[in-house]
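Colleague: Could you take a close look at one part of this model for me, with the cut-offs behind each term spelled out?

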Amino acid sequence: MASGYDGVFGAFPYAFRSSESRLFKLYVVASALAVGLIALLVGIALVVLIGETAAVQGGSLTLSRSFYAVIGLLVILPAVAPVLLVARRRRKNVDSSGRHEAALAVAGFCFLLSLYLGLVASMPETFVIDGETVTRPAPSGLFAPVIVGLYAIPAALSWVVPLAGAGLVAAAHRLFG
């Protein structure tokens with residue numbers, strides 16, 4: 001398709017070529033790299049899980065294997081959404097302003113940052129590495145108050161941080177679209 005983008009994978013180069021916003025073009029590249037890394041990590045985790053549970057038959061383990069894939073999709077979708085939204089609007093010749101593309105890029109970068117912050121919030125106080133108990137590092141430096149705030153979030157609720165980032169992507173599209 002010369003004028004279209006032919007699916008999700010084609011949306012990235014199409015959005016990059018058709019966008020006028022440099023910030024959005026930067027986001028297209030950054031999100032493609034981030035999504036590739038996330039897909040690789042989820043794939044490796046799934047292979048490790050299958051390898052560790054290969055001898056066990058069906059039941060709840062089959063559900064946990066599927067859960068890895070679902071979580072991977074839920075992490076990837078908000079990162080891909082800005083690219084897909086802009087590519088679709090450009091393909092359909094809907095007026096896609098530079099403000100809309102820039103807002104989606106900023107919201108997308110915030111979502112990618114929120115994934116990292118969610119990981120920080122989910123870090124337990126102590127964990128075991130090679131049989132040795134290790135405590136999480138004490139926050140220091142310029143971002144110490146942010147890290148202290150993230151540590152205060154219960155690990156069971158650390159998913160709220162990336163959810164807020166995903167909500168920001170939806171809000172940017174709604175407000176500027």
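Modeller: Helices (H or I, at least four residues) and strands (E, at least two) are DSSP runs, numbered from the N terminus. This is a predicted model, in which local features need pLDDT of at least 70 and side-chain atom pairs count only at pLDDT 80 or more, while totals for chains, interfaces and linings use all residues. Residues are numbered from 1 along each chain as its sequence is written, and side-chain values use heavy atoms, with hydrogens and water left out.

Helix H4, which spans residues 98–121, holds His 100. His 100 has a relative accessible area of 0% and is therefore buried (under 20% relative accessible area, with exposed over 50% and partly exposed in between, for a 1.4 Å probe and protein chains only). Setting aside residues up to four places away in sequence, His 100 touches Arg 89, Ala 172, His 173, Phe 176 and Gly 177, where contact means heavy atoms within 4.5 Å. With His 173 there is also a polar contact of 3.0 Å between the side chains; such a contact is a pair of N or O atoms within 3.5 Å, and within protein one must be able to donate a hydrogen and the other to accept it, while residues adjacent in sequence count only if both atoms are side-chain atoms.

In the loop between H4 and strand S1 (126–129) lies Ser 122, which counts as partly exposed because its relative accessibility is 28%. Apart from neighbours within four places in sequence, Ser 122 is in contact with Ala 155 and Ser 158. Gly 177, one of the residues that His 100 touches, is 55 residues from Ser 122 in sequence and 33 Å from Ser 122 in space, C-alpha to C-alpha.

Leu 40, finally, lies in helix H2 (residues 22–52).
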